[in-house]
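Here's a protein chain to explore. Take a look at the sequence and the model, and then we'll walk through them together.

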Amino acid sequence: MSINLFDLTGKTALITGGVHGLGMSMAKGLGHAGAKIVVNDLSQENIDKAVAEYKSVGIEAYGYVFNVCDEKAVIANIKQIEAEVGPIDILVNNAGIIKRTPIIDMEVEDFTAVINVDLISPFIVSKNVAKGMIQRGGGKIINICSMMSELGRQDVSAYAAAKGGLKMLTKNMATEWAKFNIQTNGIGPGYFATSQTAPIRVDGHPFNEFIISRTPANRWGDPEDLQGAAIFLSSKASDFVNGHILYVDGGILATIGKPSNE
């Protein structure tokens, strides 16, 4: 019985931007739990590579090219996905960008671009997927938040503003949609060992030493560490979990840290 709580067989999951990195890792977790995986990207080449990767590990996967910031394209592709693959039971709003610029030097256009992808696109995709979920009597929505939903950091003002807003959007989605048996929650990843962080994850690099010493688990996260959280929030096991942000961060947000001499 307890195992069946996490079984996603027969479910269709849309993971926006799930063509690489942490999005792909979470999608693989859902796929191995039985879900059919649908990913999107702006590049057909990226889609083809990702779908091939999923299929190589035995996951049924599909890909669609569209911009999550374009509501007309989102509506059209949701309709196509549900006609060709099946009703979307699980939505993971994973697509995101970051621009590292001091506030005083940041152009309004760059700030707006981050807000559009990281905050407005989850609003666009969720509202249109939720319409079908309401009609069918339920569903799961997971917004990929961040430790920047809680903390600031140098040169990431737009990203932090978007992720802080996404935390509150998640809570408001839960407030409005829980009565329709839609569970809306968030995942807040900590610092993970990905291809993007590889250049700084080397002995002697100041940021590598900082992250390891700042994290009570004393290591970077492995992308697979996110899979359990994604499966839980996508499955029957979380049917009474609403408006929660699950931080998968090795304990960073639990502590003020320790002195440098310890």
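Where does Asn218 lie? Asn218 is found in the loop between α6 (206-214) and α7 (227-234). We'll come back to this residue at the end.

## Before we start

What you're looking at is a predicted model, where local features need pLDDT of at least 70, side-chain atom pairs count only at pLDDT 80 or more, and totals for chains, interfaces and linings use all residues. Residues are numbered from 1 along each chain as its sequence is written, and side-chain values use heavy atoms, with hydrogens and water left out.

## The big picture

The chain has seven helices and seven strands. These names come from DSSP runs: helices are H or I with at least four residues, strands are E with at least two, and the numbering goes from the N terminus. Starting at the N terminus, you'd read the elements as β-α-β-α-β-α-β-α-β-α-β-α-α-β.

How about the overall dimensions? Along the principal axes, the C-alpha atoms of the chain fill a box of roughly 55 × 45 × 40 Å. The radius of gyration is 18 Å, which agrees with the value near 18 Å for a compact globule of 262 residues. (That radius is taken over C-alpha atoms, and the globule rule is 2.2 Å times the number of residues to the power 0.38.) Of the 262 residues, 48% count as buried. Buried means under 20% relative accessible area, exposed means over 50%, and partly exposed is in between, using a 1.4 Å probe and protein chains only.

A contact here means heavy atoms within 4.5 Å.

## The sheet

Now find the open sheet of seven strands, which has the order β3-β2-β1-β4-β5-β6-β7 and parallel pairing. Two strands pair if DSSP finds at least two bridges between them. At the edges are β3 (61-65) and β7 (245-248), each pairing on one side only. On average, and with direction ignored, neighbouring strands are turned by 20° against each other. Angles like this run from 0 to 180 degrees between N-to-C directions, and axes are lines fitted to C-alpha atoms, for helices over the stretch in contact.

Helix α1 (residues 21-32) packs on this sheet and touches β1 (12-16), β2 (36-41), β4, β5 and β6 (182-189). The direction of α1 makes about 175° with that of β1. Helix α2 (residues 44-56) packs on the sheet too, touching β2 and β3, and its direction makes about 170° with that of β3.

## Two covered strands

What about β2? Six of its six residues are buried, so β2 is largely enclosed by the rest of the structure. Lys36, Val38 and Asn40 point one way from β2, while Ile37, Val39 and Asp41 point the other way. In a regular strand the side chains alternate between the two faces of the sheet. β2 pairs with β1 in the parallel sense over five bridges, and Ile37 in β2 is the bridge partner of Ala13.

β5 is mostly covered as well, with six of its six residues buried. Four bridges join β5 (residues 139-144) to β4 (residues 90-93), and the two run parallel. Leu91 stands opposite Ile141 in β5, and Asn93 has Asn143 as its bridge partner there.

## A buried glycine

Gly17 is in the loop between β1 and α1, and it is buried, with a relative accessible area of 15%. Leaving out residues up to four places away in sequence, Gly17 touches Asn40, Asn94 and Ala95. Gly17 and Asn40 are 23 residues apart along the chain, yet their C-alpha atoms are separated by 5.3 Å.

Most residues other than glycine have a negative phi. Asn218 has a positive phi near 65°, and at 48% relative accessibility it counts as partly exposed.

Asp155 has a positive phi of about 70° although it isn't a glycine. Asp155 sits in the loop between β5 and α5 (157-177) and is partly exposed, with a relative accessible area of 28%.
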